[in-house]
Every structure is written in C-alpha cells, then in structure tokens.
Amino acid sequence: MTTLREYLSQKRAALLARREAPAAGPVPLRAHVTAEGRSGIRRIRIRDFQLLSDSGPDFAGYDLGPTSPELQTGVLGSCVTHIFLIKAAELNVPLDSLEVDVHAEYDPRAQGPGGDVPVHPYGFRYEVRISSPASDEELKTLQGEVERVCPILNLIRNPQPVTGTLVRA
C-alpha cells in the first residue's frame with residue numbers, strides 16, 4: 001500500500017497532465033432518484049453508482065441510509081477532502097494523513113406550520129486534521145486555496161438559483 005505522500009505525487013502528475021489537455025468545457029452532472037413504494041427509500045443513481053437515502057423510524061422510514069441533510073454534510077466533506085488533496089499536490093505540500101469532519105444542524109420542526117426555523121441544514125462547519133511536516137504558513141495557504149476553489153463549499157456559501165418543473169407521468 002502506498003502512503004498519502006506517494007499518492008499526492010500521482011495526483012500532481014494527473015493534475016499537470018489534465019492542465020495540458022485541451023479544455024473540454026462544462027461537464028454535465030446528473031442524478032436520478034426514485035422513491036420506492038413499500039419503504040419510501042430514495043434510490044439515488046449517479047453514473048454507475050447507487051446510494052440509498054432514507055428516514056428514521058420516527059418519520060416512517062427504515063433507517064436504511066442517511067437522510068438528505070446528512071448526505072449534504074458528506075458531500076461537503078468529500079469535496080473539501082478532495083480539494084485539499086488536489087491543492088496539496090499542486091502546491092507540493094506533503095501530507096501524511098488527512099481527515100475532515102463536517103457538522104451542521106437540521107431542525108425537522110421547519111416543515112411544520114409557522115415558526116422561524118430554517119427549512120435547510122444550517123451552521124455548516126468543517127474541521128481538517130492534517131499530519132504534515134509543512135509549516136503553519138504553508139498549511140494556511142493550502143486551506144486558503146481550498147476555500148477559494150472548493151465547488152461544494154462555495155455552492156453552500158453562494159447559493160445558485162435552482163429551477164424545477166413538474167411532469168405528469
């Protein structure tokens with residue numbers, strides 16, 4: 001098994017090769033979600049991958065997978081982690097280990113009548129634990145670059161308009 005530092009050298013080579021390749025333009029993203037009749041679980045399909053999302057028993061679910069708000073914390077954590085790897089490779093910051101914890105709150109009372117409770121997860125925060133011989137200044141620069149370019153972090157910070165349509169099946 002290779003170390004994280006060895007992986008970062010592979011990541012750097014891939015990053016440099018990708019930058020040399022002709023720009024392809026925007027990449028379409030797509031997810032397809034179905035609700036299962038007997039259980040209510042949401043089956044999420046993205047490319048050739050499948051994830052399950054469910055509710056707890058207190059909301060007529062079977063707790064077969066994370067809730068949508070929980071998935072959002074995981075998506076943010078995954079993206080922050082990946083961008084730390086990309087930027088560490090790009091900036092030649094050696095990492096021996098990298099872990100990210102994401103926390104947020106979601107209040108189910110928000111879906112009830114009245115009240116001032118946000119209907120979305122809120123209070124997002126993340127903590128990165130890094131083992132590295134890099135200086136504090138190098139790690140501060142690394143985090144600044146991550147926060148500058150992390151797509152999901154910036155999506156949460158700067159929401160985008162979302163449109164929806166309803167089609168009768």
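**Helix, strands and pocket**

Mentor: At 25% relative accessibility, R12 counts as partly exposed. Please bear in mind throughout that this is a predicted model.

Trainee: Which backbone oxygen does the side chain of R12 reach?

Mentor: R12 has its place in helix α1, residues 4-20. Setting aside residues up to four places away in sequence, R12 touches A89, E90, L91 and N92. The side chain of R12 comes to 2.8 Å from a backbone oxygen, and that oxygen belongs to E90.

Trainee: How far apart in space are R12 and F59, C-alpha to C-alpha?

Mentor: In sequence, R12 and F59 are separated by 47 residues. In space, the C-alpha to C-alpha separation of R12 and F59 is 46 Å.

Trainee: Is S53 buried or exposed?

Mentor: S53 lies in strand β3. Beyond its neighbours within four places in sequence, S53 is in contact with I41, R42, I44, P66, T67, S68 and L71. The side chain of S53 also reaches the backbone oxygen of P66 at 2.9 Å. The relative accessible area of S53 is 1%, and residues under 20% count as buried, so S53 is buried.

Trainee: Which residue of β3 is the bridge partner of R43?

Mentor: β2 and β3 pair in the antiparallel sense, with five bridges. These two strands form a hairpin with two residues between them, and R47 in the turn has a positive phi of about 50°. Within β3, the bridge partner of R43 is L52.

Trainee: Which element gives the most to the lining of the largest pocket?

Mentor: The lining comprises 22 residues, with L29, A31, I46, V75 and I152 nearest the centre of the pocket. At least two lining residues come from each of β2 (42-46), β3 (49-53), α2 (68-91) and α4 (151-157). With eight residues, the element that gives the most is α2.

Trainee: How many residues of the lining of the largest pocket are nonpolar?

Mentor: The largest pocket holds about 1,200 Å³ of space. By class, its lining has three charged residues and five polar ones, while the nonpolar residues number 14.

How values were computed
Residues are numbered from 1 along each chain as its sequence is written. This is a predicted model: local features need pLDDT of at least 70, side-chain atom pairs count only at pLDDT 80 or more; totals for chains, interfaces and linings use all residues. Side-chain values use heavy atoms; hydrogens and water are left out. On a 1 Å grid over the protein atoms alone, a cavity is a set of points where a 1.4 Å probe fits but cannot get out, and a pocket is an open set with protein on both sides within 12 Å along at least five of seven lines; lining residues have an atom within 4 Å of a point. Grid points are joined across faces, edges and corners, and a volume is the space filled by probe spheres set on the points. Helices (H or I, at least four residues) and strands (E, at least two) are DSSP runs, numbered from the N terminus. Ala, Val, Leu, Ile, Met, Phe, Trp, Tyr, Cys and Pro count as nonpolar, Asp, Glu, Lys and Arg as charged, and the others, Gly among them, as polar. Two strands pair if DSSP finds at least two bridges between them. Buried means under 20% relative accessible area, exposed over 50%, partly exposed in between (1.4 Å probe, protein chains only). A polar contact is a pair of N or O atoms within 3.5 Å; within protein, one must be able to donate a hydrogen and the other to accept it, and residues adjacent in sequence count only if both atoms are side-chain atoms. Contact means heavy atoms within 4.5 Å.
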